[in-house]
Amino acid sequence: MLRTLMLALTALVSVGASAHAQAKYPTKPIEIIVPFAAGASTDSSARIIAQLLEARWNVPVKVVNKPGGNTVPAVTEVMAARADGTTFLMDNIASSAMLDTVVKNLPYSVFDRTFVSMTTTTPLMFIVHPDSPFKTIKDAVDAAKSDTANFTWTSLGGVGGQDLAFRQFFVAAGVDITKARAIALKGGSEAVTLTAGNHVRLGTGTWSAVAAPFSADKLRVLAVCGDTRWPGLPDTPSMKEAGMPSVDAQFWIGISGPPKLPADIVATWNAALKELLADKAVHAKLLNGGVFPAYLNGADMKARVERDRTTVQKLFGG
Amino acid sequence: MDAGLLSGLANALTLANIGFALVGCLLGTLVGILPGLGPASAMAILLPIALYLPPTGAIIIMAGIYYGAMYGGSTTAILMNIPGEVSSVITAQDGFAMTKQGRSGEALAIAAIGSYVAGILGTLVIAVLGPAVADLALHFGPPEYFGLVLFSMTALVSFAGRSILAGLMLGVFGMWLASIGTDPLTGTQRLNFGTMELMKGFDIVPVLIGLFGIAEVLASLAQKVEQIYAGKLGSVLSMIPRGANLARGMAASVRGTVIGFVLGLLPGMLPALTAYLAYDVERHISRTPEKFGQGMIEGVAAPEAANNATAMAGFIPLLSLGIPTTPALAILLGTLMINGLTPGPMLFQQQGLLVWTVIGSMLIANTALLILNLPLVGMWARISRIPYHVLGPIVLAVCLVGAYAPRNTMFDVWVAFGFGIVGYVMRRLDLPLAPLVLGFLLGPLFEQSLRQSIAMQGTPMIFLTRPIPLALVIAAVVVLVTTIWLRYRSRAVMGLIRDSTNET
């Protein structure tokens, strides 16, 4: 009720969008559930996309944050929702490919949901304090090998994008991760702050948290996971260029729905998202939000989940 | 760009920017008054709108919501013992006591004045020091946090009520409640008793709404309260504190501002925590510490100033380093980023006018909030005279909606009911609520900083080899020992007085 009141108030401020009921889907308000708190990459992707869809479809597209519990409560809610195209999940690598490695005996399979489309992605980046002796990622590899017991790194605990990047890093470096010193943290921005305060030797983060301390010269970025450079960091090599192509952790984000979502609804979403994500103006908005557009249709998204799940199970011993 | 506070202030005084500041203040006051709906959720809902507004306007509105909520949060805490925001929990202690004495107007006025003092002093400090103090947020690593939290925990003892043992046990119980759900550091599940709902843990809002709001309704029912306050209230003017009372309130506001501001520069030091610590300091330096909880004006002024000062201080690490110190500021960071503005020293250089306009608008918005709040004091104060058979059900309904709102789950409504009964029983047994709430708030920070510090070197010796943690650990021990000793002595003295009066 309060939320409705707030929406009504905000509608007064916003451009008046009149709701013309249409004969075909969508005609009813849509809810996108974000399994994390507001403010980070998944949330900003959801909010930018929701707003674009709302303007396009003339129905309210509401973003609801249901954080906590390793994304299980949010995923479970979408799994139990009616497959009528009103409830969606802002899906991502953590709530899909990693989920059954993190949480054993889930009451459903990760593949029961309907994958709709992948929307955006953001690479993990390796970061150090400006005074760090590491000038390149190779320096960090050497230190991890020669002084493993004092090599501190930022872990977000268990299975997540940050830990995936570090596990790939340690495997590629040929170092036993359990011999190095993990500093467990509760969130991505905390990992960046700790690195900027010189309390840890190597950190990771995504652009949404790295951008500001980087521009304040409180951080250096050694390399960007994967095979492409980040638009905001034209001089920083990708991990492929740095000679470690297997370190390719990406935190990707996409839309999923309840099981057995009708094909025509999926097709409507696919068409809309494909067109929106090809728009240059939308690119700029997304990049400001710290994510890169990366459209895939439902089948390709599912294939991506299968591939990532295999990688995760191998690295985390699930 | 050569911009300063004056050019920012001039730019903030344009009609559009004043309008944005007012909208922000009003929305902030509204979410502040409604329990459950916090500034973070209101700002998240507004985030998409931020794409339509000019960046300056969007940031002014968002900032207004954030500190406007600090003003509004005290209103229901004072009038009905339901903190509208977590940051006003401790305000209820003396604020509600004042309402029961018919001094609700005075309490509301000093809360607004305290917040205003903090808002204006805070803004001036931001303008003068600005980025220079931002690095404090970085110098505090896990061992420094541990020292700070350990020191803060000594407040648990002074909130313990009659029995230190009972107080400490309640504090531990609060920490235990906060640890249920997902281990924040490893993501593994713990203490969830196999239920899906407990995986998310307890949210602070339904717990507080239960302990304070619902428990208050139950207690009023049990005592057949007809009205919260039955006497005459007098005119609005007579409600504004003056003379010695005003001076004491102002002094406490300034102290609260200093504490709230310095601690507010550190990530994780939520307004709720600094409000508790400011209250604790007031009690320690007061000549009449036993009167706290019975309507001391300092007990309202200091925490309200502290929570607003913390809200203001958070803008320094946010704007100069991009480090959000609270969840609400994380959303503000998102607003800046979506508008293509990356915080940092470059922001001050390239977007000087924007930054100074936002800072200038803080002066205007805080003044607007004071003007908005003071005349309403009389109207709000009358709420305490509404017959309880009318007020009670409304309060209960607001509590239930408030418990549901933050996470959109019925489970939290049942949690609020459960803690309503817990709070009622504790009241009947004369057990203090403060240690429980403080344990709940401090627990996660205590656990994380301890585990992270030990992981850094593999030994607890890290606390003794770094200067700041060492100093804080020693200070904590000293304060703890003296507090216990003073309590012991004062009880002995009280005993002597009682014995001597019995003899005559």
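1. What share of the 504 residues of chain B count as buried? The figure is 58%. Buried here requires 20 or more other C-beta atoms, placed from the backbone, within 10 Å of the residue's own.

2. This is a predicted model: local features need pLDDT of at least 70, side-chain atom pairs count only at pLDDT 80 or more, and totals for chains, interfaces and linings use all residues. Residues are numbered from 1 along each chain as its sequence is written, while chains are lettered from A and ligands numbered from 1 in the order written.

3. Chain B carries 23 helices and two strands. These are DSSP runs, numbered from the N terminus: helices are H or I with at least four residues, strands E with at least two. The C-alpha atoms of chain B fill a box of roughly 80 × 65 × 50 Å along the principal axes.

4. The contact between the chains takes 53 residues from chain A and 57 residues from chain B. Contact means C-beta atoms, placed from the backbone, within 7 Å. On the chain A side, H1(A) gives the most, with six residues.

5. The largest nonpolar core has 262 residues. Such a core is a set of buried Ala, Val, Leu, Ile, Met, Phe, Trp, Tyr and Cys residues joined through C-beta atoms within 7 Å. Helix H4 (residues 55-80) of chain B gives the most to this core, with 16 residues.

6. A:Ile32 is among the core residues that touch the most other members. Leaving aside neighbours within four places in sequence, A:Ile32 contacts A:Ala46, A:Ala50, A:Val61, A:Val63, A:Phe88 and A:Met90.

Terms used: Two residues are in contact if their C-beta atoms, placed from the backbone, lie within 7 Å. A residue is buried if 20 or more other C-beta atoms lie within 10 Å of its own, exposed if 12 or fewer, and partly exposed in between; C-beta atoms are placed from the backbone.
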